[in-house]
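Welcome! Please take a look at the sequence and the model, and then read on.

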Amino acid sequence: MRDRLGDQSLQLLLEGYAWLPGLRRSTGSDVVRTRVMGQPALGLCGPEAAQFFYDEKHVQRHGAIPGPVLSTLFGHGAVHTLDGDTHRQRKSLFLSLVTRESIASLVACVAAAWEDTVVGWRAGREVVLFDEASRALTAGVRRWAGVPVETHEVADLAADLVAMVDGFATAGPRHWRARKARNRREAWLASLVQQVRDNELDAPPGSALEVVAGHREADGELLDPHTATVELLNVIRPTVAVCWFVAYAGHALHRWPQHREPLRAGGDFAVAFAHELRRFYPFAPFLGGRAAQDLTWQGEHVPEGSLVLLDLYGQNHDSRLWTNPYRFDPQRFVGREIGDWELVPQGAGDPHTGHRCPGEPFTVALLAELCTRLACLDYDVPEQDLTISLSRIPARPRSGFVLSPAHRR
């Protein structure tokens with residue numbers, strides 16, 4: 001297979017989520033050879049490709065994430081950049097927080113913050129769901145994580161956490177806002193971590209702040225303050241990023257209002273609705289790694305060190321996996337066991353052994369709760385621009401989804 005003509009970096013910026021699926025369509029194959037940022041790359045898609053990608057003997061993450069993404073989204077030295085035993089040791093920090101009790105506690109904290117937010121909405125006065133959800137999620141997760149933040153500081157913290165996500169895949173003002181936000185919050189959290197270690201600040205037992213401050217690497221040493229701060233942000237920031245899907249929920253309920261009534265009952269349908277939101281709407285376009293050695297995939301040579309890209313958006317809209325993939329249908333997940341390699345909005349495989357996001361259970365639980373509460377609200381949807389551009393990464397409804405509250409049910 002010949003490389004697609006020239007470097008595709010500009011096309012990626014212009015086409016966003018549609019870039020890699022479009023390249024694969026043009027070749028009629030799940031495998032496409034291309035170049036990105038001047039480097040050879042192989043684009044893959046499908047459950048078998050995901051298994052190949054997540055095998056550490058095939059693909060490693062070290063050196064694969066561009067510096068601008070580390071300087072905004074993940075942080076330098078983050079768990080996302082590690083491989084092998086070093087990765088598993090660091091990953092244990094996050095997995096220790098993912099318990100049934102901890103998930104329930106976070107959901108309860110965010111639900112309480114959501115109710116406090118909704119109570120302040122005035123009937124007939126427009127609010128932006130994306131912004132309101134980001135602040136409720138921030139208020140909830142800071143309480144759950146044990147991070148001391150005054151109520152009047154929540155809005156600024158939410159804006160910084162949103163900026164880190166919003167600016168990771170672009171140039172210009174959004175990107176520089178993201179860098180400034182990360183620098184500001186890393187400095188703040190580093191001070192908190194040090195205060196906990198110096199016994200100047202009491203972190204709630206079992207809280208994310210306590211766990212991160214006390215985590216030791218395989219050599220028995222505490223994380224250096226900067227890395228500890230990076231990983232604490234990697235607990236808090238993804239939680240607040242759920243606001244993207246809450247805005248998508250408003251969009252979905254507006255376009256397909258038949259789902260509102262079953263969603264109000266919560267339960268299994270709410271979980272199915274959360275899964276369909278994550279499958280249907282765009283968030284992460286693809287994942288990247290580097291070939292750990294000279295490899296062959298479906299007859300294609302993969303040179304050691306070359307980029308390997310796993311097409312997440314393409315797989316979540318693959319008609320071989322999902323009937324009518326561009327139809328929003330939560331029923332497809334009711335009573336369905338989801339394989340480790342099928343639904344991949346937050347990665348694939350086993351989070352205990354690979355790079356799949358360990359916070360996925362938090363995302364699903366938070367979405368099920370907040371979408372149920374959203375469905376129970378009575379509101380109007382004024383005229384607005386609800387387009388979702390696939391060229392914008394991360395995508396979102398252009399208006400943020402504006403609603404005008406009436407009264408609560």
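This is a predicted model: local features need pLDDT of at least 70, side-chain atom pairs count only at pLDDT 80 or more; totals for chains, interfaces and linings use all residues.

## The overall picture

Let us begin with the whole chain. The protein contains 16 helices and 10 strands. Along the principal axes, its C-alpha atoms fill a box of roughly 60 × 55 × 40 Å.

Contacts tell us how the chain comes together. If we take contacts between residues at least 6 apart in sequence, 72% of them join residues at least 24 apart.

## Inside, surface and charge

Of the 409 residues, 56% count as buried. The accessible surface comes to about 17400 Å², and carbon and sulfur atoms account for 51% of that area.

There are 44 positive and 49 negative side chains in the protein. The centres of these two sets lie 5 Å apart.

## A sheet of five strands

Now back to the strands. An open sheet is built from five of them, in the order S1-S2-S8-S5-S3, and the pairing is mixed. S1 and S3 (59-60) stand at the edges with a single partner strand each, so one side of each is left without a neighbour in the sheet. As a rule, strands of a sheet pair through backbone hydrogen bonds, either parallel or antiparallel.

Both kinds of pairing can be found around S2. Strand S1 (residues 32-36) and strand S2 (residues 39-44) run antiparallel and are joined by five bridges. S1 and S2 form a hairpin with two residues between them, and Met-37 in the turn has a positive phi of about 50 degrees. With strand S8 (residues 307-311), S2 runs parallel, and four bridges join the two. Here Leu-44 stands opposite Leu-310 in S8.

Is Thr-239 buried or exposed? With a relative accessible area of 8%, Thr-239 is buried, because buried means under 20%. Leaving aside neighbours within four places in sequence, Thr-239 is in contact with Leu-106, Leu-137, Val-141 and Leu-366.

Glu-217 sits in the loop between helix H10 (208-214) and H11. Its relative accessibility is 18%, so Glu-217 counts as buried too. Apart from neighbours within four places in sequence, the contacts of Glu-217 are Gln-89, Arg-90 and Leu-223.

Next, find Lys-180 in helix H9 (residues 173-197). At 57% relative accessibility, Lys-180 counts as exposed. Lys-180 and Asp-224 are 44 residues apart in sequence, and their C-alpha atoms are 21 Å apart in space.

The loop between H9 and H10 holds Asn-199. Its phi is near 60 degrees, a positive value in a residue other than glycine. Asn-199 is exposed, with a relative accessible area of 69%.

## The loop between S9 and S10

Our last stop is the loop between strand S9 (377-380) and strand S10 (402-408), where Pro-394 is found. Which form does the peptide bond from Ile-393 to Pro-394 take, cis or trans? That bond is cis, with omega near -5 degrees.

Phe-401 is found in the loop between S9 and S10 as well. Although Phe-401 is not a glycine, this residue has a positive phi of about 70 degrees. Phe-401 is buried, with a relative accessible area of 0%.

Key
Residues are numbered from 1 along each chain as its sequence is written. Side-chain values use heavy atoms; hydrogens and water are left out. Buried means under 20% relative accessible area, exposed over 50%, partly exposed in between (1.4 Å probe, protein chains only). Contact means heavy atoms within 4.5 Å. Accessible areas come from the Shrake-Rupley method with a 1.4 Å probe; for residues, only the protein chains shown count as cover. Lys and Arg count as positive and Asp and Glu as negative; His and the chain ends are not counted. The place of a charge is taken as NZ of Lys, CZ of Arg, CG of Asp or CD of Glu. Two strands pair if DSSP finds at least two bridges between them.
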